[in-house]
Amino acid sequence: MGRNRKRAVGFFHPYTNDGGGGERVLWCAVKAIQEESPDLDCVVYTGDHDASPQSLTGRALDRFGVKLLNPPKVVHLYKRKWVEETTYPHFTMIGQSLGSVYLLWEALCKFTTFYYFDTSGYAFTYPLARMFGCKVIYYTHYPTISLDMLSRVRERTSMYNNDALIAQSTWLSRCKIIYYTIFSLIYGFVGSCAHLAMVNSSWTQSHIEELWGIPHRTKRVYPPCDTSGLQVLPLERPSKTPIIISVSQFRPEKAHTLQLEAFSVALKKLDADLPRPKLQFVGGCRNKSDKERVQNLKNKAIDLKVDGDVEFYKNLMYRFVPVKYILDPFYNFWLVLLQESTPVSMTDEHFGTSVVEYMAAGAIPIAHNSAGPKMDIVLEEDGQQTGLLASSVEEYAVAILNIIRMPETERLTMAAAARRRAGRFSEQRFYQDFKDAIRPILNHGS
């Protein structure tokens, strides 16, 4: 199958317009490969039919500030529906995973590269890529299944990936445990086919090493956080209305409803002499489901009687936003300059680049007490606290009130420590660690 392989790196990224962290990593990875091995062509497999070498090069620069050395080649895919979650109302994980194999078959039949680089999390494609003679490289944002997911099903906890109907049923929960167990075994086998697995956090690393069993081929490479422009912002903020900003895509796992409920509780307990804060949601809508989710959030704000204090900003782009805002380069959205606190409520947020950028901008993060924020980011720096962690509506409400009530000197001390901590996750650090990880496999294949 691999007789006609081209001396190129093929990036499997079916959605090149998602505007999320995966896309930023894609363009930084392409640039790093171009710098490390100029003789290798970079090819992007995408299901976006309007994508061209020039448009993708412009997108990388305009949305993420990443200047590619050369435009990448583009291979258009026409079977992308087989990896869309709407195609599989039930058994979504296995459906999308098997669908990705079919999509990669189309990709490699059109253009077979020497190196296959998965930047979207389709581990089931690795055996097929090996059959085509490719060296398989993976940048892991989060495992398709984790040990925590299995634990929640066993504990019958209702969440975005465990429907309340299943959580309430002993029989359905047992069936799902069997399904997850079988899936995790298959996932471990296909993942072990990777020649190199780069992971984005300590949490992801622990799960991938446990599931895939290839610790010697697993390297931790923190995602690129372009915080240079944010680091120069003044830590002193004018005494105006406190702004609480939440930056993330409007996906179910981001727990925006929890943030609304916590904000509502905080307002009810707010001291009469303190300024009334505003909550601003900034995020991207990928599809109809995301747009419906935003409308449901607006309806929820009305039900909680906080709609006058909550604002929504969708799909904001660099060139169309006023100068009074500052760019969050990971998500391609914007942070308000006068922000005071920044809630991130996703359980098991694999890393949390937006948290890093909040900290670099001098904002005080309120992050979920799990995974990346807990293990890598919101840690003490030089003995100083860098942010707050919470996990329930009540804890988030208390954290919001604590920040609003915080004396200015204490806020400045915490903000300065948070900014120093954020410096550990720079874009320059990503390029250095990425090249160190990939250099042996590129040299071995040359």
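## Exercises on a predicted model

Helix α8 (residues 202-212) is largely enclosed by the rest of the structure, because eight of its eleven residues are buried. Buried means under 20% relative accessible area, exposed over 50% and partly exposed in between, with a 1.4 Å probe and protein chains only. Helices (H or I, at least four residues) and strands (E, at least two) are DSSP runs, numbered from the N terminus.

Residues are numbered from 1 along each chain as its sequence is written, and side-chain values use heavy atoms, with hydrogens and water left out.

**Exercise 1.** Find which residues of α8 are buried, and look at what follows the helix.

*Solution.* Then step just past α8, where G213 takes a positive phi of about 65°.

**Exercise 2.** Which members of the largest nonpolar core touch the most other members?

*Solution.* First, recall that a nonpolar core is a set of buried Ala, Val, Leu, Ile, Met, Phe, Trp, Tyr and Cys residues joined through side-chain atoms within 4.5 Å. The largest such core holds 41 residues, and F12, Y126, Y187 and W212 touch the most other members. Next, pick Y187 and list its contacts (heavy atoms within 4.5 Å). Setting aside residues up to four places away in sequence, Y187 touches A123, F124, Y138, P143, T144, I145, I208, L211 and W212.

**Exercise 3.** Describe how α10 and α11 pack.

*Solution.* Take α10 (residues 256-269) and α11 (residues 288-303): their axes lie 10 Å apart at an angle of about 20°. That angle makes α10 roughly parallel to α11, a label for angles under 35 degrees. Finally, look at the residues that meet: H256, T257, L260 and E261 from α10, with L297, K300 and A301 from α11.

**Exercise 4.** How many disulfides does a search of the whole structure find?

*Solution.* Use the cut-off of a pair of cysteine sulfur atoms within 2.5 Å. The search finds zero disulfides. As a check, C225 is in none, and the nearest cysteine sulfur, that of C28, is 9.6 Å away. C225 counts as buried because its relative accessibility is 1%.

Technical notes
Predicted model: local features only at pLDDT ≥ 70, side-chain atom pairs only at ≥ 80, totals over all residues. Axes fitted to C-alpha atoms, helices over the stretch in contact; angles between N-to-C directions. Parallel < 35°, antiparallel > 145°, perpendicular 65-115°, else oblique.
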